[in-house]
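Student: I have a new model open and would like to learn how to read a ligand site. Where do we begin?

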Amino acid sequence: MDRANDLAGTLYRTREAMKNSEIAEVFDELAHLLELRGENAFRVRAYRTAARSIADLSESVADILADPSRDLTRYAGIGATIAEKCKTLVETGLLPQLEELRTSTPAVLLKMTRIPGLGIKKALALQQELNIESLEELRQACLDHRVQKLKGFAAKTEESILAGIDIAEAASLRMRIDQAERLVARLREHLTECDAIDNIEFAGSYRRGKETVGDIDILVISRDADRVMDQLASLPGMVSQTARGETKMSIRVDEQFQVDLRVVGAESFGAALQYFTGSKEHNVAIRGRARKLGLTVNEYGVAKLDQPDKIFAGESEEALYGALGLSWIPPELREGRHEIEWSEAGHSPPPLIELKHIIADLHMHTTATDGSNSIEEMAQAARALGLQYIAITDHSKRVSMARGLDATRLLEQWQAIDAYNARQNDGFRVLTGIECDILEAGPMDLPDEVLAQADWVIGSIHYGQKQSRQQITDRIVGALTNPHVDVIAHPTGRLIGSRPPYEVDMDAVIEAAAEFRKALELNANPMRLDLNEEHLMAAVRAGVPIAINTDAHSTDGLQVMRFGIMQARRALIEQDQVLNTWALERLLQFLERS
Ligand code: DGT
Ligand code: CA
Ligand code: CA
Ligand code: ZN
């Protein structure tokens, strides 16, 4: 049998087939890179169209390909070339053309396009006309005012580029949690093929569920470190080795992600896992506690101070924490705050929210605006996830780019929702809702008498994000005083790694939410995770209920709830503080709409 086929066959069986959203992402990236290289605009557009249609398909590309009686090219936007690439992606998880483009595109161009507001054309012009080879050189060019002398660049553009360089630099340093998750899956799959490996854990900030991750820390149990390291070095894709010792190794993947590997024996796996999960602050506190007990802790286990060579309790984390008189501490709490005090005998940390507690999702879009699925499809997908009710919250008319709804279209949508509910007999309920813009001047985008008819009203800021702190705060607090507004979505507007939060006085917002008995959203999209941990803790302290929502724009988008749960757990949030864990009657009572 042909070896390539054989390999593809193996991968096909062991890998979870690529999801449509992942395939779409590949084509989007392909389009982006081709565009960066000044490729033919038709080709670029063809890939973008393909990405869009694949993301919108209601069936999985992998399933269609697996069925010999069906033909992927019969779907709109998918020609023979695209279909062939889909096949490669589904079978191997990789696209050689993309890998090659990634390596041959000047890294500085990629980095420049991460500068907010700097498009591809401007980035290319800067790179070519000023011979820019790094963000540092670009910064200097801005400081020397060489940028504003170029055609098409104003003094104001130069200023905003300068401000954006920090954001672009930070973005290229840390990966978002969803990127980390994908890299972890890729590493896990590849390492699992090596039979010298007895166990694998991913430690560090990834295990602690931080919203961004600096590098991936892999811990492996094996007696043959060399074979493990060879296996990691052979990871398919763009991999360069940056360091290799006897039991540890570092590699760089796709020119941007750092991965650290450590190989340990089974007898010290728990201690190593504890040590490399961190955080550094948590570990410092752990060592402090050990010393008070006359003990010492390191990555091999625990020992008495006067017998440092007699190491014990290294095999598991439970054993290690237990040896210090502590109960096991969930990784997402290990930040060196109060977790050690709680876990001292008798005090366990509060019972944290779990994904299974979530029975509703109260922020999502449909084809009426910029979503890719219908009300029925969103409801069906939510049901399949075990949810009991959802709210459909499309955009209001101000968001014209997404064909936001005016009162007439909104009322029509609500009629369709009523009709849908009337057809159900399993208790699942779709609430009528709206994501209503808080206009630049302050008022809501739709009249009160319309909002009054909704089950659930979200207030959101999408425009005028550059306004002053006072203006933005007044807008949000103003919305909270409107009796029909129930919640503020993504309250600070940040996009992780690409857009800073707007200037807003969150203390004032939280205070107003508490006073008017409103909720605040934790947007679970890994690009947002907004509110952040600190604001979540302050909100909960003030008694403000949190709505953890996906803001899904497709049925796939409903999957991101897990990222929100992780963020909430890190903020010590419990089930009862999350409004979409409440039975529908309780929610309606809270909303005074029952
Ligand atoms: P990251 O990668 O920046 O998102 O954050 P971490 O927490 O994954 O940090 P990393 O990768 O530098 O190190 C992984 C863990 O190893 C860290 O959480 C705790 C442990 N560790 C590393 N260096 C030190 C150190 O100098 N002292 C102590 N106590 N622990 C360390
Ligand atoms: Ca790390
Ligand atoms: Ca590391
Ligand atoms: Zn939304």
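Tutor: Begin with a term: a polar contact is a pair of N or O atoms within 3.5 Å. Keep in mind that this model is predicted.

Student: How far is the polar side-chain atom of arginine 287 from a nitrogen atom of ligand 1?

Tutor: The distance is 3.2 Å. The protein covers 73% of the 600 Å² of accessible area that ligand 1 has on its own. Serine 205 also places a polar side-chain atom 2.5 Å from an oxygen atom of ligand 1. For lysine 280, an N or O atom of the side chain is 3.4 Å from a ligand oxygen.

Student: Which residues come nearest to ligand 1?

Tutor: There are 16 residues around ligand 1, and the nearest are Arg174, Ser205, Arg208, Gly214 and Asp215. By type, the shell has three nonpolar, seven polar and six charged residues. Helix 12 (204–207), strand 4 (215–221), helix 14 (269–277) and helix 15 (280–292) each supply at least two of its residues.

Student: Why does ligand 1 lie between two domains?

Tutor: Domain 2 (175–264) and domain 3 (269–344) both give residues to the shell, so ligand 1 lies between them.

Student: What coordinates the calcium ion (ligand 2)?

Tutor: Asp215 (O), Asp215 (OD) and Asp217 (OD) do, at 2.2 to 2.6 Å. Aspartate 215 also coordinates the calcium ion (ligand 3), 3.8 Å from ligand 2.

Student: Why is the arrangement around ligand 2 irregular?

Tutor: Start with the ideal: six octahedral donors have angles of 90 or 180 degrees. Around ligand 2, the six donor atoms subtend angles of 69 to 165°, which makes the arrangement irregular.

Methods
Residues numbered from 1 in each chain as written. Chains lettered and ligands numbered in written order. Predicted model: local features only at pLDDT ≥ 70, side-chain atom pairs only at ≥ 80, totals over all residues. Heavy atoms only, no water. Near = heavy atom within 4 Å. Polar contact = N/O pair within 3.5 Å; in protein donor to acceptor, adjacent residues only side chain to side chain. Areas by Shrake-Rupley, 256 points an atom, 1.4 Å probe, with all protein chains shown as cover. Helix = DSSP H or I, 4+ residues; strand = E, 2+ residues; numbered from the N terminus. Nonpolar A, V, L, I, M, F, W, Y, C, P; charged D, E, K, R; others polar. Domains from an automatic or database assignment. Donors = N, O, S within 2.8 Å, 3.2 Å for Na, K, Ca; no water. Tetrahedral: all angles 85-135°; square planar, octahedral: opposite > 155°, others 65-115°.
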